[in-house]
Amino acid sequence: MMQSLELIVAGGGIGGLAAALVLGRQGHTVTVLEQSPAFGEIGAGIQLGPNIFRMFEHLGLTEAVTAVAYFPPGMGMNDVRTGEKIVRVPLGDTARAVYGYPYGLIYRADLHDVFLQACRATPTVRLRTSAKVEGFEQDEQRVRVHVDGETLEADALIGADGLWSRVRQQIVGDGKPRLSGHIAYRAVLKREDVPAHLWSDDVVLWGGEKTHLVHYPLRRGELFNLVAVFHSDKYEEGWNTFGDTEELNARFADAVPQVKELLGKIETWKMWVLCDREPVKTWSNGRVTLLGDAAHPMLQYLAQGAGQAIEDAVVLGEAIKAAALRQTQGERLVEDAFEKYQQARYLRTGRVQLTARFYGDIYHASGVTRELRNQMFQSGRESAGFAGLKWMYEGIDPKTLFT
Ligand SMILES: Cc1cc2nc3c(=O)[nH]c(=O)nc-3n(C[C@H](O)[C@H](O)[C@H](O)COP(=O)(O)OP(=O)(O)OC[C@H]3O[C@@H](n4cnc5c(N)ncnc54)[C@H](O)[C@@H]3O)c2cc1C
């Protein structure tokens with residue numbers, strides 16, 4: 001029987017809850033410490049590639065996710081200034097046929113809730129709010145985690161505390177995240193507030209020089225998600241603050257009327273200053289490791305940050321299981337598992353981090369780069385339009401990871 005560990009997860013976002021679920025189901029006692037007064041997520045959409053549905057199948061969550069997701073028939077890119085259709089690739093059955101799993105869209109709060117309910121149904125998972133992790137220390141036996149004047153002890157700590165991770169500061173110590181100079185404005189409309197001529201069942205990206213707008217339906221088609229992105233070095237920090245509608249309208253001043261009309265439907269935008277980090281090879285130290293954005297924050301251009309966090313959780317679980325099997329009682333189970341976990345993850349997540357930057361550049365391209373991008377996208381049709389991203393969407397097979 002596997003040794004039961006006492007584990008602490010710092011951060012109750014999608015990554016932290018996924019880790020707690022995986023490890024709690026293995027019989028470990030997991031305490032999730034979330035700094036906010038309540039568990040929850042911001043109201044915005046996220047895309048879920050087929051590699052993430054592969055993880056949902058592994059976790060037995062496909063049905064719960066499918067009940068609240070939306071499955072677009074296709075994904076396309078149009079020129080924001082001319083309206084020219086650059087490419088449209090079929091998703092739906094085509095994505096299922098190529099990758100074995102669908103391409104879906106989900107309201108973040110709904111995805112977070114799927115994990116929250118699954119954690120609540122797992123007796124070994126304890127969920128604490130208003131619990132901000134300040135730091136930790138460790139020795140060969142235990143880790144001590146400092147939380148608002150209290151010290152909690154455990155066998156291991158998993159830092160799933162996002163882009164500005166405190167736990168990362170102590171393990172990697174690479175300072176603030178890298179400012180990309182790209183800003184995202186996000187908003188969600190109800191279906192009835194989107195006129196029929198502006199609605200699309202597809203994921204649609206309107207690309208232009210240093211700007212783009214993406215829109216797609218969410219929650220079984222009841223909601224409509226908009227994300228507008230532009231380059232600006234005016235902002236240094238900002239996460240989930242309010243956007244400036246005048247600035248946004250100026251950025252899209254020469255967009256086609258359809259795009260301007262759509263932007264005009266939004267009264268209040270939420271703004272994100274987009275950041276990432278250079279990939280690193282080492283994000284574990286002894287009894288402490290990182291997961292999700294804390295380990296490998298990435299720009300959103302491949303729509304994979306939450307998906308990679310979920311893959312991390314599955315791989316971490318498999319690494320702990322495999323270490324326990326190799327293990328003789330009392331040896332370096334946790335340290336061994338954390339090393340194997342980061343070894344299995346750093347190249348894949350690093351590749352997503354760097355490829356996401358590249359996609360950010362080519363979505364916003366002009367001149368010859370724009371022509372090359374169009375040629376590249378148009379020649380990728382035969383593999384559901386994602387020829388260069390097959391390695392990402394095929395995903396990982398949890399069963400063969402540590403055999
Ligand atoms: C504009 C935009 C669009 C995106 N689109 C997509 C998409 O389409 N698909 C996709 O897969 N991903 C997308 N992402 C990325 C995705 O949002 C992140 O990668 C994902 O949320 C990472 O999850 P996480 O759990 O690692 O971190 P987070 O979601 O940041 O969660 C961290 C949690 O830790 C808590 N916390 C922080 N510090 C502490 C502390 N000291 N103590 C205790 N708790 C703490 C926070 O309150 C939070 O609840 C997008 C991101 C942006 C900005």
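At what angle do helix H1 and H9 pack, and how far apart are their axes?

**Entry 1: ground rules.** I am working with a predicted model, in which local features need pLDDT of at least 70, side-chain atom pairs count only at pLDDT 80 or more, and totals for chains, interfaces and linings use all residues. Residues are numbered from 1 along each chain as its sequence is written.

**Entry 2: H1 and H9.** I looked up helix H1 (residues 14-25) and H9, and they pack at an angle of about 25° with their axes 8 Å apart. Helices here are DSSP runs of H or I with at least four residues, and strands are runs of E with at least two, numbered from the N terminus. Axes are lines fitted to C-alpha atoms, for helices over the stretch in contact, and angles run from 0 to 180 degrees between N-to-C directions. The angle makes H1 roughly parallel to H9, a term for angles under 35 degrees. On the H1 side I noted Ile14, Gly15, Ala18, Ala19, Val22 and Leu23 in the contact. The H9 side includes Ala309, Asp312, Ala313 and Leu316. Contact means C-beta atoms, placed from the backbone, within 7 Å.

**Entry 3: the core.** I checked the largest nonpolar core, which has 123 residues. Such a core is a set of buried Ala, Val, Leu, Ile, Met, Phe, Trp, Tyr and Cys residues joined through C-beta atoms within 7 Å. A residue is buried if 20 or more other C-beta atoms lie within 10 Å of its own, exposed if 12 or fewer, and partly exposed in between, with C-beta atoms placed from the backbone. Ala18, Ala19 and Leu291 are among the members that touch the most others. Helix H9 (residues 305-326) gives the largest share, 10 residues. Leaving aside neighbours within four places in sequence, Leu291 is in contact with residues including Gly15, Ala19, Ala309 and Leu316.

**Entry 4: the end of H9.** Arg326 lies in helix H9. I found Arg326 exposed, with 12 other C-beta atoms within 10 Å.

**Entry 5: H2.** Nine of the 10 residues of helix H2 (residues 50-59) are buried, so H2 is largely enclosed by the rest of the structure. Arg54 and His58 are among the buried ones. Gly60 follows H2 and has a positive phi, near 70°.

**Entry 6: a sheet.** I traced three strands in an open antiparallel sheet, in the order E8-E9-E10. Strands pair if DSSP finds at least two bridges between them. E8 (133-138) and E10 (150-154) stand at the edges with a single partner strand each, so one side of each has no neighbour in the sheet. Five bridges join E9 (residues 143-147) to E10, and Val143 has Ala154 as its bridge partner.

Notes: Two residues are in contact if their C-beta atoms, placed from the backbone, lie within 7 Å. Angles under 35 degrees count as roughly parallel, over 145 as roughly antiparallel, 65 to 115 as roughly perpendicular and the rest as oblique.
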